[in-house]
Amino acid sequence: MKDSVSKYDLLLRYLDGQLNAEESVRVSDLLRTDRDARKVLRELSEQVVMVGEIERTQQERLDQSRSGKRVAAGFSHPSRFSGFPLLWTMRPGIRLSFAILLALILIPLFLIRPFGKPEIARVTAVFGPNQMIGSDGGVIDGLDVGYVLREGDTVATLSHDAMVVMDLSDETEISLTGRSTLRILNKAGGGNRFQLVNGHLWGAATNLKKEQSLKIRTPTSEIEFYRSRFDVEAGVVSTLLWVDRGSLNVVRLADGAKTEIRHNEKMVVGLDTKQPLSIISRHDPVYRWSCRMLKTPNEVFGRWVSPHNKRMARLHAKPILIYRPNKKPGIIYAASLPVFYEEACPVTLLSESVIRIQGRLESAVPLHIGIATKKLNGGFSGKFEYRVSPEALNLHDYSWDIEVPIKKFLSRQPDVYHLSYGRELAHIYVYTVNENVGLEINRVDLIPPISMP
Amino acid sequence: MILTEEQVLQTLMKWRTRVSAAAWVVVRDTQAAEDIFQNVALKALTKDVSFEAEGAVLSWAFITARREGIDWLRRYRREAVHMDVEILKLLEKDWVSETLRPGGLKIEALQTCLESIPDKSRQLLRFRYSDGYSCEEVADRIGIQLNAVYKRLSRLHQILKDCIESRMNDSNKMHSRPTI
């Protein structure tokens, strides 16, 4: 090995089996005996996996396409109109007839969907109920994988466990989860623009070119993302921004204050202009979390009701209409709160962790307890639920107090997300189905394994 | 004293790049290496294993990653050249005994370095290490000789190595950062 470049060259060929037998034996011998040669190989392999990690968007696409859940990995793949080229392989007479027939089929479609508008996104995965309201006012209940979204379209996920994953033309992947609404705006300054009306959007824009950015507007902020992996949670009075990788610029709409957020930082952008925009750096994870709900963020779902007796904090469930295509609509009564909002320490779930929730119910009905999780190094990681039977509630004076081992939570997207632990806790929610029985949450605790102090 | 689940997880996350790199040396596929790391982390939590020190976690993680990697090769890449297990063990031993900075700093530096290289070079790295094309396929796609692919990749690895080292030295000197 003469110099560093030729060392890499030799090692790359060796790993690929491109050397002849004699050369291969020589390299093997060198690696066995020369620590410096091994160091070069170790450095090379670390560099390779880091490059792979930085391009993780594409890695995740590969992952999902292997599991057969995704059909379109990018705009270079055949679209739903990929049958067009066949036309030119037909005999002229048949071609003419086929073209007329095709025109008769397509003209009404053009009337329904404004095809003149640029394609912005393609749906690559769908879970749970969703709805698309087109820029022309047309409504589609239940988007399919492969559907192309254009400027002016609005996508809404309609239940707590719903998710729509989209690939953008610039190779960005975004996932809209929970009950959320996203509007696609026109492109500006070389980047895609969206309005997150409410809810939760996760994204990996790690393949953006240098001059490109992704812009998202929420009710309280205007955000410009550069090659980054992020999640945004938008409510009426505040927006939570979290950057797992890369960076973003944010403008608070209330006063135009600007700042930059980088890797492993987050920020809550509210309406209070007296407070400076303050960045929260990620600290080491914690495994114990307790919430008596006396100081909780505004972005809870539910209705606060007056304290009563020992119940100081009472988050009352609110009704949500759950619409699922081809099924009878249902109503759930739900209350939800974010776990890791303004704190610097992510709350991590271990296999022996237990979630304890205390609350109130006027009669014993099945109760559903759910958690939304996030991967340790960023990105949505699924929702998991546990159903408590009326008997197990053990109601006493309208109170319930349930402890659920984390392992008992079952995935709502089992094809993609399997394990509820080894993850960060993002949200906790409870709900009853079709029964308005005064559900409320009074306290939530994450209890670490007994072995931990 | 037995490490808690929390400490085990922290150790694995701290040395994620290194364990993934060890898996990559076996499988030569970044996607598979990432999956193997995830499996190792989950096994550490779900299997009945306990550790008394960070070094023990790392040793176990390397061995588990290697075994998982060999299984993966048997299942998906039977034709692939298997690296001598003796060399793999030596690499793992070097990794455990080395006290480098954790991967987080390096990956930030690499991200910046990647931005400074020409788009064509970035595309080459992406084809090879993210899209999983072999060097022959990369040569076909970009219309150059196989030898040229190896030469370019080798030069890029050297450039990135130098750039990362320079960035990491610089990062030690930086105390504040600008806001816009």
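Which residue forms a salt bridge with Arg412(A), and how many Å apart are the closest N and O atoms? The legends below begin with that pair.

The structure is a predicted model, in which local features need pLDDT of at least 70 and side-chain atom pairs count only at pLDDT 80 or more, while totals for chains, interfaces and linings use all residues. Residues are numbered from 1 along each chain as its sequence is written, chains are lettered from A and ligands numbered from 1 in the order in which they are written, and side-chain values use heavy atoms, with hydrogens and water left out.

**View 1. The salt bridge of Arg412(A) with Glu385(A).** The closest N and O atoms of this pair are 3.8 Å apart; a salt bridge is a side-chain nitrogen of Lys or Arg within 4 Å of a carboxyl oxygen of Asp or Glu. Arg412(A) lies in the loop between β24 (410-411) and β25 (423-433) of chain A, and Glu385(A) in strand β22 (residues 380-388) of chain A, so the pair ties together parts that are 27 residues apart in sequence. Strands (E, at least two residues) and helices (H or I, at least four) are DSSP runs, numbered from the N terminus. Arg412(A) has a relative accessible area of 34% and is partly exposed, whereas Glu385(A), at 7%, is buried. Here buried means under 20% relative accessible area, exposed over 50%, and partly exposed in between, with a 1.4 Å probe and protein chains only.

**View 2. The salt bridge of Arg314(A) with Glu440(A).** In this pair, the closest N and O atoms are 2.7 Å apart. Because Arg314(A) belongs to strand β16 (residues 314-316) and Glu440(A) to strand β26 (residues 440-447), both of chain A, the contact ties together parts 126 residues apart in sequence. Both residues are buried.

**View 3. The salt bridge of Arg74(B) with Asp71(B).** The closest N and O atoms are 3.6 Å apart. Both residues belong to helix α4 (residues 54-76) of chain B; they are 3 residues apart and therefore separated by about one helical turn. Arg74(B) is exposed, at 51% relative accessible area, and Asp71(B) is partly exposed, at 36%.

**View 4. A network of salt bridges.** Asp29(A), Arg32(A), Asp84(B) and Glu86(B) are linked in this network. Over all chains, the count comes to 28 salt bridges.

View 5. Thr239(A) is buried, with a relative accessible area of 0%. Its side chain makes a polar contact with the side chain of Thr218(A) at 2.7 Å. A polar contact is a pair of N or O atoms within 3.5 Å; within protein, one must be able to donate a hydrogen and the other to accept it, and residues adjacent in sequence count only if both atoms are side-chain atoms.
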